Amino acid sequence: MNSELMRHFVEAAEQLNFAHAARSQGVSRATLVASIKELEAELGYPLFDYSAPTTTLTPAGEALLATTLVQWAKSAAAAAADVPAPGGKAKASKGKGRAPAVKGASRSGKRRQSR
């Protein structure tokens, strides 16, 4: 399944309003509805009850929403576990990237001592 289709479905299922869901996803309402129709065609069953006066999920849509949210939570937890903890000593550079000093050349920012 395409992750963009799933994001559109989850947003529409949580808001139960295609126009608001489309606005929050930054797409047009037609694009969001087309994504949901494509997902329904891919799965082979309806996710929303289009005969109801208000937008509602079918039992299959509710199950898909619950499963998707659980999977996303597991993925987020696994991604957070892979991040190393901050800390440790900072390592100083050993002068890499600097031009070598030339004997007798004046250094910018430093005054020469007068004798």
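Biologist: Let's start with Thr 68. Is Thr 68 buried or exposed?

Modeller: Buried. This is a predicted model, and in it Thr 68 has 7% relative accessibility, which is under the 20% cut-off.

Biologist: Where is the place of Thr 68?

Modeller: Thr 68 is in helix 4.

Biologist: Which backbone oxygen lies 2.7 Å from a polar atom of its side chain, the side chain of Thr 68?

Modeller: The one of Leu 64.

Biologist: And what is Thr 68 in contact with, leaving aside neighbours within four places in sequence?

Modeller: Met 6 and Val 10. Both of those are among the buried residues of helix 1.

Biologist: Then on to helix 1. Which of its residues are buried?

Modeller: The buried residues of helix 1 are Leu 5, Met 6, His 8, Phe 9, Val 10, Glu 11, Ala 12 and Ala 13.

Biologist: What span should helix 1 have, and what does the model give?

Modeller: Helix 1 covers residues 3-15, so 13 residues at 1.5 Å a residue should span 18 Å. The end C-alpha atoms of helix 1 are 18 Å apart, which agrees.

Biologist: What happens at the start of helix 1?

Modeller: A side-chain oxygen of Asn 2 comes to within 2.9 Å of the backbone nitrogen of Glu 4. Glu 4 itself is in helix 1. Its relative accessibility is 35%, so Glu 4 counts as partly exposed.

Biologist: Helix packing next. At what angle do helix 1 and helix 3 pack?

Modeller: About 110°, and their axes are 9 Å apart. Helix 1 and helix 3 are therefore roughly perpendicular to each other.

Biologist: Which residues meet there, between helix 1 and helix 3?

Modeller: From helix 1, Leu 5, Met 6, His 8, Phe 9 and Ala 12. From helix 3, Leu 32, Ser 35, Ile 36, Glu 38, Leu 39 and Glu 42.

Biologist: And what about helix 2 and helix 3, what angle do they pack at?

Modeller: Helix 2 and helix 3 pack at about 105°, with axes 8 Å apart. That makes helix 2 roughly perpendicular to helix 3. Phe 18, Ala 19, Ala 21 and Ala 22 of helix 2 make the contact with Arg 29, Leu 32, Val 33 and Ile 36 of helix 3.

Biologist: Zoom out. What pattern does the protein follow along the sequence?

Modeller: The pattern is α-α-α-β-β-α. That comes to four helices and two strands.

Biologist: How many of the residues count as buried?

Modeller: Of the 115 residues, 21%.

How values were computed: Residues numbered from 1 in each chain as written. Predicted model: local features only at pLDDT ≥ 70, side-chain atom pairs only at ≥ 80, totals over all residues. Heavy atoms only, no water. Buried < 20%, exposed > 50% of the residue type's maximum accessible area, 1.4 Å probe, protein only. Expected span 1.5 Å × (residues − 1). Polar contact = N/O pair within 3.5 Å; in protein donor to acceptor, adjacent residues only side chain to side chain. Axes fitted to C-alpha atoms, helices over the stretch in contact; angles between N-to-C directions. Parallel < 35°, antiparallel > 145°, perpendicular 65-115°, else oblique. Contact = heavy atoms within 4.5 Å.
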